[in-house]
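Dear colleague,

Please find below the structure that I said I would pass on.

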Amino acid sequence: MPGMDPAVKKETGYIAVWVVLLSLVMEAVFLLVRKWDLPVLFGNLGGAVIAIGNFWLMAVTVSKAIEKGKPEEAATRVKATATFRLAGCALLCVLLIAVFKTNLYATVIPLLFPRIGIAFRPMIDRKRGVQPPGTEEGSDLID
Amino acid sequence: MLELAMGIMLGLLGLGAGCAMIAGIGPGIGEGNAVAKACEAIGRQPECKSDVTSTMIMGCAIAETTGLYGLIVAILLIFVAPGIFTGILKEAIK
């Protein structure tokens, strides 16, 4: 998308890859325990879309707030949108489960996949030889 | 008797789900404060904007998870707990 911060694109892509990978693992687990059916698939799809969408909206909000450069305004904006995003997530999850009758666990579990992806981030960066921001030699960020 | 007990139980479960969603307030406040500090940091060192933005996005996502835990607990209280508690109540009244 034009005009989007490259950091937003990069991080959302990273999270999307993890959500897809972990969704496949979850589907495999449902297959193994012989509980797989269409509501599980649709629940997983819906949950994954909500998780990635929530992350993308959060990333866009944070980058836009940082771009403006006014701390108080940025804080207010992020606080307000965080509440709206969570309410949106809750609404969509309840809609999927209650109206479209998707599997509850398959809908809710993908919401936690981005956190798992982030937890593995330092390990992957270390393997690829990428240094965490601010730790390069001569960096002013570490005092 | 069973109807009264079930009504009270469902009401309490709804109340519990509402209380669980209070967890959604904290991450918003935390994210807001973190982004405000990031703005100040970028104001001091504009050359590290991309690094700070990347770190902020990941940090906010971690903070956001706390609210999602609350949301998951609320959904479980609304959709799963009534079935379990109704079974327990019916057994107890028999």
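How many residues of chain B are in contact with chain A? The contact involves 36 residues of chain B and 40 residues of chain A, where two residues are in contact if their C-beta atoms, placed from the backbone, lie within 7 Å. On the side of chain B that touches chain A, helix H2 (25–44) and helix H3 (49–79) of chain B each supply at least two residues, and H3(B) gives the most, with 19 residues. That side of chain B divides into 20 nonpolar, twelve polar and four charged residues; here Ala, Val, Leu, Ile, Met, Phe, Trp, Tyr, Cys and Pro count as nonpolar, Asp, Glu, Lys and Arg as charged, and the others, Gly among them, as polar.

Before going further, please note that this is a predicted model, in which local features need pLDDT of at least 70 and side-chain atom pairs count only at pLDDT 80 or more, while totals for chains, interfaces and linings use all residues. Residues are numbered from 1 along each chain as its sequence is written, and chains are lettered from A and ligands numbered from 1 in the order in which they are written.

As to the chains themselves, chain A has five helices and zero strands, and chain B has four helices and zero strands, with helices (H or I, at least four residues) and strands (E, at least two) taken as DSSP runs and numbered from the N terminus. Of the 143 residues of chain A, 38% count as buried, and of the 94 residues of chain B, 34% do; a residue is buried if 20 or more other C-beta atoms lie within 10 Å of its own, exposed if 12 or fewer, and partly exposed in between, with C-beta atoms placed from the backbone.

The C-alpha atoms of chain B fill a box of roughly 70 × 15 × 10 Å, taken along the principal axes.

Leaving aside its neighbours within four places in sequence, Val35(B) is in contact with residues including Val62(A), Ile66(A), Val78(A) and Met56(B).

Best regards
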